[in-house]
Amino acid sequence: MDAASDAVFFPAGRTPANNPLLDQLPSYQSLLYRRKPSASGSTKRRNSSRGRFGSLSSSLKWSLGKEGKERPVVTQRPVRELPKSMDNKRKDRAQRMQHDRQLAGWAQWRSSSVRTLRRLREECVEGLRRLQLWRGEIHVIEGMFGTGILSYFSFLRFLVLLNFVIFLLMFSFVILPIIAAPHVSGNTSLNRADGNECNQYPPTSPRGLVLFHQHITDLLSGTGFLERTYLFYGYYKVETIHFHKYTYNLPLAYLLVTVTYLFLSLVWIVKRSATGFKRKLVQDEDRFQSFCNKIFAGWDFCVTNENAARLKRSSLLYELKTDLEEERIKQKMAERSQKEKCRIYMFRLALNVFVLAVLAGCFYSIYRATVYSQEAQMRPPTNFIVDLIYEYLPSIVITLANFITPLIFTFIITFEDYSPAFEIRFTLMRCVFMRLASIGVLLFSLWSQVTCPETNCPCGYNHEQYPCWETHVGQEMYKLLIFDFIIIGAVTIFVEFPRKIIVKYCDCGLAKWWGQQEFAIPQNVLEIVYGQTICWIGTFYCPLLPAINTIKYFLVFYIKKVSLVNNCRPATRPFRASSSHFFFLAVLLIGLALACVPVTVSIAQIHSSHSCGPFVRYNTSWEAVPHAVSQLPQGLQAFLFALSSEAFAVLFFVITCLAMFYVIALAGAHKRVISQLRDQLAMEGRDKRFLIQKLCQAQGSLAGASSRLHRTTYSQSDVGGYRGNHQPASTSSSEVCVVQAPPVFETQA
Amino acid sequence: MGTTASQLPKELLSEYQELTFLTKQEILLAHKRFSELAGKEDRHHPNPRVPMSKILMLPELKSNPFRERICQVFSTSDVKDGSLSFEDFLDLLSAFSDSATLEIKSHYAFRIFDFDDDGTLDSSDLEKLVNCLTGDTDDTRLTAEEMRQLISNILEESDIDKDGTVNLSEFQHVISRSPDFVSSFKIVL
């Protein structure tokens, strides 16, 4: 077989009897052409090229052989994976059973047990799937609005799960030991205050008669009765817990849990995005398959809602048109003259400066609002409402800024003359930047309030205003989170719902033009990523924040579902499930990176409070780790020091680089193989067409010769007949050509 | 096989479970829906066929532009009228179910998109496909120039052996790299 298939590709080399037909094959011609440069005698190149073809043919042979050998033992694949009708599947199964019965006892037992195990596993998977959160709801949403919107909701579900796991971590390693200590006769030793001015932590709100509205303020801003609970950092004053034989080092646990939840989030997100990223990496070459993806996988078969189907249709049309348009625009861009280019670049530069100015304005107002609100909180309370507004001033300004700037950005982008797809992406990038940077600015302004210049700073931080600054930051984060939730709920009830009512019952042109609220996925995702970033930052200062966030997202799911079903219409330009999946996780990753910075800085740089929290004894929170290490046995200490030394870091870096280079080289090699195989396939296609042509010619001449006998005409219809033979259901034409060609020539050669 | 006594024998049920990707509940639900469609006239017929016009009334298929093709592909009827028996119906649901393999799905997708049943997707098939997707009215159709450009783009991307048509293995290759396909080629009863 090997010789035979070699003969197909090298008829001249193997067999002296030249076959004129094979010599004319395009692939043979090009092979000859390739050989020519080295025809002078060196056979190296020829061998290599031959090796390539040889390997291909041998792999072909291998697959053929495998197929041939496997035919009697087809049980490897379940019957239901065959694309046949039920009757045929049943026959197949009966045949297999028959075959099984002929087997020896052990083999029979094995195949039947394999079948039972498979069935069992499927039932387990099915059962587990039923336990999944919101399975039914997500199913319904998928059925009504398709996969784009589904991906938003499954993203939300992922975040609920993530927050819950973070909460479990915090709860089991920090809160549970404190709660459990008195019950298992564990001794807790508290950090004691010794009268130093740094150690003063007076209660903020006056005790005694507390008005009812004060409770609401406390609940919304985390002050008063909420301040000294498990909710905030300041409450965790325990230093060590002594169980019978074992001492639990709470500061260390607190720190390690913080590092762990950040790291866990990173790993989880990366793992989730890995699949999408792999796909992106493979098809990075100039948007390969974008059209095929739209056409072949464009229709969402889940869509049952008539309205959604109409929308899907028009959005597909829109997408196709814009894509085609984009290609034309690209051509136009390439033909742009020097002067025009100059003008556009100047214009873009000016607009970008303007965008920066807008951003700077927003950031400055956030900064001012934060400082002002901090100062106002120091004053004695005057009026319930005014105080609450002062408390929430930063949140209000941030929300306002995030509401207005996207409108400005979408307006500006039309003048910048980008391609349509890039316009959307660029606006989104600006919005992401705005959202996340506003948290950064808020934290920066808090930081500038908390720290103080070296000279008049006996405690290392502004202890007069903030005796327990960690709790204070925790309160700010708590307020942001609560306010975000209130806004989400309020927008649904007080903006979207009335809008829908107006559009539905008011016939005037303006209302019709305004239309229903669109369910814009990017904006919604940004909203929840913003909440998640706050949660990541805040968990260190407010250990129960993940629990609150879990509840928040749990409720947000239902709010969004109601809003989607009742108030909104799906966006006219929908997000593709695949690209959106990657986009969500990328934005989330940016949020995580942003969250790590303030947490790291505050752990490693800023003086921890001397009056509250687990790190009273240390200058910075991180000192808890060296302290704990110094109490370890000598050998382990040496090992840990070695791990953190520069020498190890360099070594680690070098090894990582080497591994990376290896992977990059591998990817390059694979890419080259792919392109070679592609050429090969194109060549086969040309061979096939050539052979069909020859076949038609031969049959035509045959028909001409024997037309008197048969009185049948072969012509164009013959090609159709040839194609018709390809059993639409069973084999593809390329398989017919590639697989069946060798035997035909085997006989000829 | 009536609407009231819509019980499947236990052996048959487990056989269907083995031959399709559907779970027990899904098969039972499918049976219920199918019996409702079949109505009373065929109650005594052992293996009733539901005509295509009735299948198309299913809400799951009503807004699907490929609904007629789907019926024709899954029908085992001798007269090629697109009518479905219960087993054809199960085949249909199995191919569109959550757990069906990519290979099955792409195979049937290919047959659905192959409007003239000749085993390859040529430019006329692609044109029909695009028109199905965008809606076949004058103001939603692409212009001839756009259509030409689009089809040449599709062929450039997917026609690996450059013979001007897309065959099954090329189609499956393209589909295997299309991330949305598996999630969107699904019908939930």
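Student: Which side chains meet A:Arg93 or B:Glu15 in a salt bridge, and what is the N to O distance?

Tutor: A salt bridge is a side-chain nitrogen of Lys or Arg within 4 Å of a carboxyl oxygen of Asp or Glu. In this predicted model, the side chains of A:Arg93 and B:Glu15 form one with each other, at 3.0 Å from N to O. The pair crosses between chains, with A:Arg93 in helix α6 of chain A and B:Glu15 in helix α1 of chain B; helices are DSSP runs of H or I with at least four residues, numbered from the N terminus. Residues are numbered from 1 along each chain as its sequence is written, and chains are lettered from A in the order in which they are written. Local features need pLDDT of at least 70, side-chain atom pairs count only at pLDDT 80 or more, totals for chains, interfaces and linings use all residues, and side-chain values use heavy atoms, without hydrogens and water.

Student: What else does the side chain of A:Arg93 contact?

Tutor: A polar contact is a pair of N or O atoms within 3.5 Å; within protein, one must be able to donate a hydrogen and the other to accept it, and residues adjacent in sequence count only if both atoms are side-chain atoms. The side chain of A:Arg93 makes such a contact with the side chain of B:Glu18, at 3.4 Å.

Student: How much area do chain B and chain A bury between them?

Tutor: The size of an interface is often given as the accessible area lost when the parts come together. Buried area here is that loss, taken with a 1.4 Å probe and summed over both parts. Chain B and chain A bury about 6600 Å² between them, 57% of it on carbon and sulfur atoms. B:Leu19, B:Glu157 and B:Arg177 supply 12% of the area that chain B buries against chain A, more than any other three residues.

Student: How many salt bridges lie across this interface?

Tutor: The rule finds five between chain B and chain A. Among them, B:Asp91 pairs with A:Lys89, with the closest N and O atoms 3.0 Å apart.

Conventions: Buried area = accessible area lost by both parts, 1.4 Å probe. Helix = DSSP H or I, 4+ residues; strand = E, 2+ residues; numbered from the N terminus.
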